[in-house]
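Good morning, colleagues. Please look at the structure on the screen while I go through its contacts, its charged pairs, its aromatic rings and its nonpolar regions.

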Amino acid sequence: APDPTGRYGKNADMWRWIFMFGPLWLSILVSMACMIGVYAKVRKTEDAASKYRRGIDADSERRRYSRRVAKKAIYYFLAFIFVWTPPTVMRAMTLANKSPPFALVALMAFAAPTQGF
């Protein structure tokens, strides 16, 4: 909500979005792009190395490591989403002068401390 006392300036909410939530979500998207790049590199390496393996023709065995990398990358990305979506939605709601529901406040209270894990 806008600061009624004016001690933070009349554009405080705008600056918060520009300098906190903007870079935050940009870094999450860049991180996701990097994870996709890592997955692609591991898969390419597995495909190139598969021609030197004998007796292992199954596609599931051949791409075992790339599936593990993809699984870990998805978990990494979901952790960011789980931790930062509730505070972002709450800030957007307060910016629109709406009161966030208790469930969202409770989810944020649960998710915010997990940033240190």
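**Contacts and side chains in a predicted model**

Let me begin with Ser31, which is in contact with Tyr76 and Phe80 once its neighbours within four places in sequence are left aside; contact here means heavy atoms within 4.5 Å. Ser31 lies in helix α1, and with a relative accessible area of 15% it is buried. By buried I mean under 20% relative accessible area, by exposed over 50%, and by partly exposed anything in between, with a 1.4 Å probe and protein chains only.

Two remarks on the basis of these values are in order. This is a predicted model, in which local features need pLDDT of at least 70 and side-chain atom pairs count only at pLDDT 80 or more, while totals for chains, interfaces and linings use all residues. Residues are numbered from 1 along each chain as its sequence is written, and side-chain values use heavy atoms, with hydrogens and water left out.

Now the overall picture. The protein has four helices and zero strands, and from the N terminus on its elements run α-α-α-α. Helices (H or I, at least four residues) and strands (E, at least two) are DSSP runs, numbered from the N terminus. Of the 117 residues in the protein, 16% are buried. Among the contacts with a separation of 6 or more, 56% are between residues 24 or more positions apart. The accessible surface comes to about 8700 Å², and 67% of that surface belongs to carbon and sulfur atoms; such areas come from the Shrake-Rupley method with a 1.4 Å probe, and for residues only the protein chains shown count as cover.

I turn to the charged pairs. Side chains of opposite charge can pair when their charged atoms come close. How many salt bridges does a search of the whole structure find? It finds two, where a salt bridge is a side-chain nitrogen of Lys or Arg within 4 Å of a carboxyl oxygen of Asp or Glu.

Because Arg16 and Asp13 are three residues apart in helix α1 (residues 12–50), about one helical turn separates them. Arg16 has 31% relative accessibility and counts as partly exposed, whereas Asp13, at 14%, counts as buried.

Another salt bridge joins the side chains of Asp47 and Arg63, at 3.2 Å from N to O. This pair links distant parts of the chain: Asp47 is in helix α1 and Arg63 is in the loop between α2 (59–62) and α3 (64–95), 16 residues apart. Asp47 is partly exposed at 28% relative accessibility, and Arg63 is buried, with a relative accessible area of 16%.

Next, the aromatic rings. The count comes to four aromatic pairs. Rings of Phe, Tyr and Trp (its six-membered ring) pair if their centres lie within 6.5 Å; planes under 30 degrees apart count as stacked, over 60 as edge-to-face and the rest as tilted. One of the pairs is Trp15 with Phe19, which is stacked at 5.6 Å centre to centre, with 15 degrees between the planes. Both residues lie in helix α1, four residues apart, about one turn of the helix. Trp15 is partly exposed at 42% relative accessible area, and Phe19 is exposed at 61%.

The rings of Trp17 and Phe21 have centres 4.9 Å apart and planes at 40 degrees, so this pair is tilted. Trp17 and Phe21 are four residues apart in helix α1, about one helical turn. Trp17 is partly exposed, with a relative accessible area of 25%, while Phe21 is buried, with 5%.

Finally, the nonpolar regions. Which residues form the largest nonpolar core? They are five: Phe21, Leu24, Ile28, Val83 and Trp84. A nonpolar core is a set of buried Ala, Val, Leu, Ile, Met, Phe, Trp, Tyr and Cys residues joined through side-chain atoms within 4.5 Å. The elements that give two or more residues to this core are α1 and α3, and α1 gives the most, with three residues. Val83 also touches Ala111, Thr114 and Gln115, not counting residues up to four places away in sequence.
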